[in-house]
Amino acid sequence: MDIDWAALGQVFGVSLVATVALVGVFTLGIVGGSARRADGGTPALARAGAYTCYAVCAAAVVFGIYLIAA
């Protein structure tokens, strides 16, 4: 059995970068969704940014499932 260490390293690197990026985007969504004004409301721009971050995360998950299933 031969292991292609270069390919394994590439898979590890891409997986690490994608995981950190996805967690970072999801965290930005949480921060944007928890932003509050002085009167207790949520600013519309922060809410829209949070929804965008969540949509990016959902799209990444759907793309990953597509890659696995294809």
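**Exercise 1.** Does Ile3 count as buried, partly exposed or exposed?

*Solution.* The model is predicted, with local features needing pLDDT of at least 70, side-chain atom pairs counting only at pLDDT 80 or more, and totals for chains, interfaces and linings using all residues. Residues are numbered from 1 along each chain as its sequence is written, and side-chain values use heavy atoms, without hydrogens and water.

Step 1. Take the classes: buried is under 20% relative accessible area, exposed is over 50%, and partly exposed is in between (1.4 Å probe, protein chains only).
Step 2. Ile3 counts as partly exposed because its relative accessibility is 45%.
Step 3. Locate Ile3: the residue sits in the segment before α1 (5-33). Helices are DSSP runs of H or I with at least four residues, numbered from the N terminus.

**Exercise 2.** Compare the place of Ala38 with that of Ile3.

*Solution.*
Step 1. Ala38 belongs to the loop between α1 and α2.
Step 2. Ala38 counts as exposed because its relative accessibility is 90%.
Step 3. From C-alpha to C-alpha, Ala38 and Ile3 are 58 Å apart in space, and they are 35 residues apart in sequence.

**Exercise 3.** Which elements give two or more residues to the lining of the largest pocket?

*Solution.*
Step 1. List the lining residues (an atom within 4 Å of a pocket point): Ser15, Ala18, Thr19, Leu22, Ala60, Phe63, Gly64 and Leu67.
Step 2. The elements that give two or more residues to this lining are α1 and α2 (44-69).
Step 3. By residue kind, the lining has five nonpolar, three polar and no charged residues; here Ala, Val, Leu, Ile, Met, Phe, Trp, Tyr, Cys and Pro are nonpolar, Asp, Glu, Lys and Arg charged, and the others, Gly among them, polar.

How values were computed: 1 Å grid on protein atoms, 1.4 Å probe; cavity = no way out; pocket = protein on both sides within 12 Å on 5 of 7 lines; lining within 4 Å.
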